[in-house]
Amino acid sequence: MIAEIPAAAEANDPALDETEEWLQAFEDVVRIEGKERARFLLQRLVDKGHEFQVTLPFSANTPYVNTIAASEQPIYPGDRDIERRIKGLIRWNAMAMVVRANKHYPGLGGHISTFASSATLYQVGLNHFFRGRGESGFDGDLVYIQGHGSPGIYAQAFLEGRISIEQMEAFRREVSVPGGLSSYPHPWLMPDFWEFPTVSMGLGPLSAIYQAKFNRYLTDRGILDTSARKIWAFLGDGETDEPESLGAITLASREKLDNLIFVVNCNLQRLDGPVRGNGKIIQELETAFRGAGWNVIKVIWGDDWDPLIERDSTGLLMQRMVEVVDGEYQKYTVETGSYIREHFFGKYPELLDLVRGYSDDQLRKLNRGGHDPAKVYAAYKAAVEHKGSPTVILAQTIKGYGLGEAGEGRNVTHQQKKLNEDELRHFRDRFSIPIPDDRLAEAPFYRPAHNSPEMEYLRERRRALGGPLPSRKTRSEPIESLGESFWQEFSDGVDRDVSTTMAFVRMLTQLMKHPEFGRRIVPIVPDEARTFGMESMFRQFGIYSHVGQLYEPVDKSMLLYYREATDGQILEEGITEAGSMASFTAAGTSYATHGVDMIPFFIFYSMFGFQRIGDQIWAAGDQRTRGFLLGATAGRTTLNGEGLQHEDGHSHVHASTVPNLLAYDPAYAYEIAVIVREGLHRMYRNREDVFYYITLCNENYPMPKKPEGSDAGILKGLYKVSSAPADGRPRVQLFGSGPILREALRARDLLAERFGVAADVWSATSYKELRREALEAERWSMLHPDQPARKPYVVSLLENEPGPIVAVSDYMRIVPDQIARWLPGRFFALGTDGFGRSDTREALRRFFEVDAESVAVAALAQLALRGEVEADLPRRAIAELGIDPEKPFALAV
Ligand SMILES: Cc1ncc(C[n+]2csc(CCOP(=O)(O)OP(=O)(O)O)c2C)c(N)n1
Ligand SMILES: [Mg+2]
């Protein structure tokens with residue numbers, strides 16, 4: 001994959017004179033007629049070669065040197081000297097916060113070496129490029145910071161006076177110290193500071209791409225002009241191994257996202273060792289990004305190398321640069337100058353000549369591009385000015401830069417958290433930090449006087465760029481909730497057979513037509529709109545495409561044709577749940593990134609939601625994303641023919657793990673209406689940082705009218721839909737969820753008609769909510785023993801309702817079991833544990849024992865156990881209802 005440079009190939013050249021003639025002619029063209037003409041001629045030669053089947057092997061690589069030559073570098077606009085001093089202070093404080101934390105509280109963790117390698121990359125950005133929030137509070141750039149580089153970002157904020165010394169002391173002690181600093185960027189924990197949770201590697205770059213796309217979407221739809229805002233994403237070279245990091249890079253170039261800049265900190269190391277010890281990560285990434293259509297800027301060598309490169313008349317230096325593998329470059333970091341002379345330059349006598357005048361010390365200090373502010377500045381400037389495609393900057397750095405023996409370039413450096421006095425002295429001297437010897441051992445923080453030139457410079461730079469960064473702001477203008485009349489049609493119900501998915505799509509369409517809410521809605525689908533019956537929205541609202549529609553759609557003559565438009569509202573993301581989720585997060589945090597409320601509805605195949613992109617959903621929670629996730633074609637038996645890999649019977653287990661997510665499994669259209677209405681109210685009127693997960697199903701049945709007074713129960717997770725008369729018969733309580741509620745209702749009839757048992761039926765819309773409320777009440781009671789105990793909602797509902805409780809849903813038993821401990825001795829759950837199967841709904845429900853017959857048998861068994869019906873009744877029911885007691889157990893392995 002890595003191209004060899006053909007320079008210094010004279011030895012293999014049978015006709016040197018002829019080659020020389022060609023090269024001379026080409027050089028003349030470049031010099032006299034310019035690069036454009038030279039490029040044209042080269043292209044013509046390549047084309048001609050194709051005519052004769054003379055082709056070159058594909059290579060997207062350029063030589064292993066800086067993309068921007070020294071002669072093309074712009075003049076550095078800052079005061080290099082003062083910036084170096086400021087950077088030294090930031091390096092020191094970033095190191096000190098980790099060292100001090102681990103000295104006082106061993107085991108707290110933290111990272112020194114990552115920021116040590118990327119300090120220049122951030123400093124040049126913070127001093128000259130990254131624009132803060134500005135006057136409006138919502139202008140400026142969006143910067144995704146490498147998660148474990150956080151100490152450097154805190155250290156900058158400390159010098160700016162945004163973070164106190166007490167907070168610096170409380171790095172990674174968020175619980176015991178108010179204002180303690182979180183380990184990594186977590187908006188949930190530091191909502192005024194961090195914007196983007198990046199530390200789960202791969203999620204940052206993926207989110208940044210879709211954030212850049214979403215910014216365009218807002219502009220194209222005429223909602224907000226975001227064109228001046230850049231999205232910067234910092235990532236580690238090791239991080240690029242995550243499929244999410246590179247998985248969407250073609251989208252960024254296809255969409256021509258020139259508002260997007262990736263900076264890959266290529267310190268050639270990850271946690272355990274080298275990223276590509278036997279290869280070259282920078283060349284590999286160049287191939288991937290150039291191949292995908294990105295503008296690639298390599299920043300490999302610092303200015304110490306400029307004179308050497310200029311004098312490299314043989315091309316041997318370039319050749320040597322590319323033939324040395326990364327593992328070897330890492331070795332040069334820890335080795336002496338004489339080692340570098342012998343092993344790097346010593347390969348060719350010409351190269352030894354080249355560095356004859358250099359001392360060993362000079363050779364050891366030859367700097368790398370990512371540590372040279374002028375090189376980094378040149379790259380950033382070219383990136384922000386580049387038009388037509390996204391840019392990636394591949395910057396070579398040294399992991400643990402400045403740590404010396406304590407970790408610079410060592411394989412253990414990633415986890416280095418403690419420095420002894422000698423190591424601290426080395427660090428102090430290297431960056432000229434004014435800490436006296438007698439205080440060194442404690443690694444004190446250091447902030448110069450407020451009016452020192454360094455502090456004034458630092459503040460002036462950020463002021464000039466529009467304010468501090470990172471900084472998270474939100475706009476909190478409540479949006480008035482929709483009145484009762486909007487929801488009326490859903491409360492009224494319909495006699496026709498419809499599914500909850502159809503009801504929801506109708507609701508979404510109505511919302512999109514609403515004068516206030518309509519524009520804000522962002523429907524997101526990963527190539528599944530037709531599955532959910534949403535194709536009518538294509539024509540009506542348009543599918544977003546930055547370039548509009550450049551072709552006549554094949555179904556143009558049809559009413560519901562596939563309409564793409566620049567101001568299209570629907571994000572049809574293609575088959576990428578990860579990309580769609582990233583769009584969901586971008587839209588659902590728009591209230592914070594742009595000060596504009598957008599309301600995303602991401603509708604996906606429920607099986608490919610949580611279990612595929614659960615980490616992104618977790619991060620969306622951290623980022624305080626607002627909006628609705630809709631798991632459609634849900635339910636292990638309700639989605640019937642699709643089988644094992646499609647039938648979801650556990651997304652509600654996953655959903656139960658996300659702290660600020662509300663999860664519902666509704667049965668009826670009116671339930672969905674109540675939930676969505678409340679969701680809009682809480683998120684957009686009350687400005688709460690919660691989000692919603694609602695499962696939707698494809699089974700058709702009539703949608704009943706909303707019972708009076710049921711709203712509160714629907715939202716809390718449980719309410720009664722059917723009461724049996726109190727006539728002295730044995731009695732049971734049946735809970736049903738989603739379409740399986742109808743099995744509970746049918747079980748009620750079976751029990752009444754065939755076994756003389758009365759059943760009340762409840763719709764259990766959210767076990768997660770029931771549990772959360774019950775846990776809270778239980779905990780409060782435990783901590784307030786001298787006060788009357790608080791009764792969980794679920795207990796207050798059930799304590800006067802006689803008989804055992806049988807809960808059934810299309811999910812694993814553990815979903816209803818979430819509330820079992822508050823109903824001791826009474827609670828029994830049925831569910832769809834086990835791999836799904838393809839068959840009819842009836843067959844599947846019998847197989848998983850969630851059909852009415854199985855519910856009836858379970859109810860009778862529970863009554864018999866309690867002595868409330870004859871002991872023989874369950875056996876009779878099993879026989880009468882045709883249940884095979886020897887059929888396989890779905891969980892058997
Ligand atoms: C998904 C995920 N897996 C593992 C980790 C643990 N981890 C944190 S940093 C790191 C190494 C990072 O290497 P690199 O991306 O090269 O960053 P550097 O520190 O070298 O800049 C690992 C494995 C993580 N944060 N996220
Ligand atoms: Mg690395």
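Contact is taken here as heavy atoms within 4.5 Å. Helices (H or I, at least four residues) and strands (E, at least two) are DSSP runs, numbered from the N terminus. Axes are lines fitted to C-alpha atoms, for helices over the stretch in contact, and angles run from 0 to 180 degrees between N-to-C directions. The structure is a predicted model, in which local features need pLDDT of at least 70, side-chain atom pairs count only at pLDDT 80 or more, and totals for chains, interfaces and linings use all residues. Residues are numbered from 1 along each chain as its sequence is written, chains are lettered from A and ligands numbered from 1 in the order in which they are written, and side-chain values use heavy atoms, with hydrogens and water left out.

Helix H30 (residues 741–755) lies across S16, strand S17 (731–736), S18 and strand S19 (805–808), and runs at about 175 degrees to S18. These strands belong to an open sheet of 5 strands with the order S16-S18-S17-S19-S20 and mixed pairing; two strands pair if DSSP finds at least two bridges between them. Strand S16 (718–722) and strand S20 (827–830) are the edge strands, each pairing on one side only. On average, neighbouring strands of this sheet are turned by 30 degrees against each other, direction ignored. S16 and strand S18 (residues 758–764) run antiparallel and are joined by 4 bridges. Within S18, Trp-762 is the bridge partner of Lys-720.

Arg-813 is placed in the loop between S19 and S20. Apart from neighbours within four places in sequence, Arg-813 is in contact with Ala-829, Leu-830, Gly-831, Asp-833, Glu-849 and Phe-889. The side chains of Arg-813 and Asp-833 are joined by a polar contact of 2.8 Å. A polar contact is a pair of N or O atoms within 3.5 Å; within protein, one must be able to donate a hydrogen and the other to accept it, and residues adjacent in sequence count only if both atoms are side-chain atoms. From Arg-813 to Tyr-339 the separation is 474 residues in sequence and 65 Å in space, C-alpha to C-alpha.

Another open sheet of 5 strands has parallel pairing and the order S1-S2-S3-S5-S4. Its edges are strand S1 (142–144) and strand S4 (295–299); each has a single partner strand, so one side of each is left without a neighbour in the sheet. Here neighbouring strands are turned by 15 degrees against each other on average, direction ignored. Strand S2 (residues 231–236) and strand S3 (residues 260–266) run parallel, with 6 bridges between them. Leu-260 in S3 is the bridge partner of Ile-231. Helix H17 (residues 373–385) lies across S2, S3, S4 and strand S5 (391–396), at about 175 degrees to S4.

Ligand 1 is surrounded by 18 residues, of which the closest are Thr-114, Gln-146, Asp-237, Gly-238 and Lys-399; a residue is near a molecule or strand if one of its heavy atoms lies within 4 Å of it. The shell comprises 3 nonpolar, 10 polar and 5 charged residues, where Ala, Val, Leu, Ile, Met, Phe, Trp, Tyr, Cys and Pro count as nonpolar, Asp, Glu, Lys and Arg as charged, and the others, Gly among them, as polar. Oxygen atoms of ligand 1 lie 2.8 Å from a polar side-chain atom of Asp-237, 2.9 Å from one of Asn-267 and 3.4 Å from an N or O atom in the side chain of Asn-265. Of the 590 Å² of accessible area that ligand 1 has on its own, the protein covers 76% (Shrake-Rupley method with a 1.4 Å probe; for residues, only the protein chains shown count as cover).

Most residues other than glycine have a negative phi, and most peptide bonds are trans. Leu-268, which is not a glycine, has a positive phi of about 65 degrees and is located in the loop between S3 and helix H10 (281–291). The peptide bond between Leu-469 and Pro-470 is cis, with omega about 0 degrees. Pro-470 lies in the loop between helix H20 (453–464) and helix H21 (484–492).
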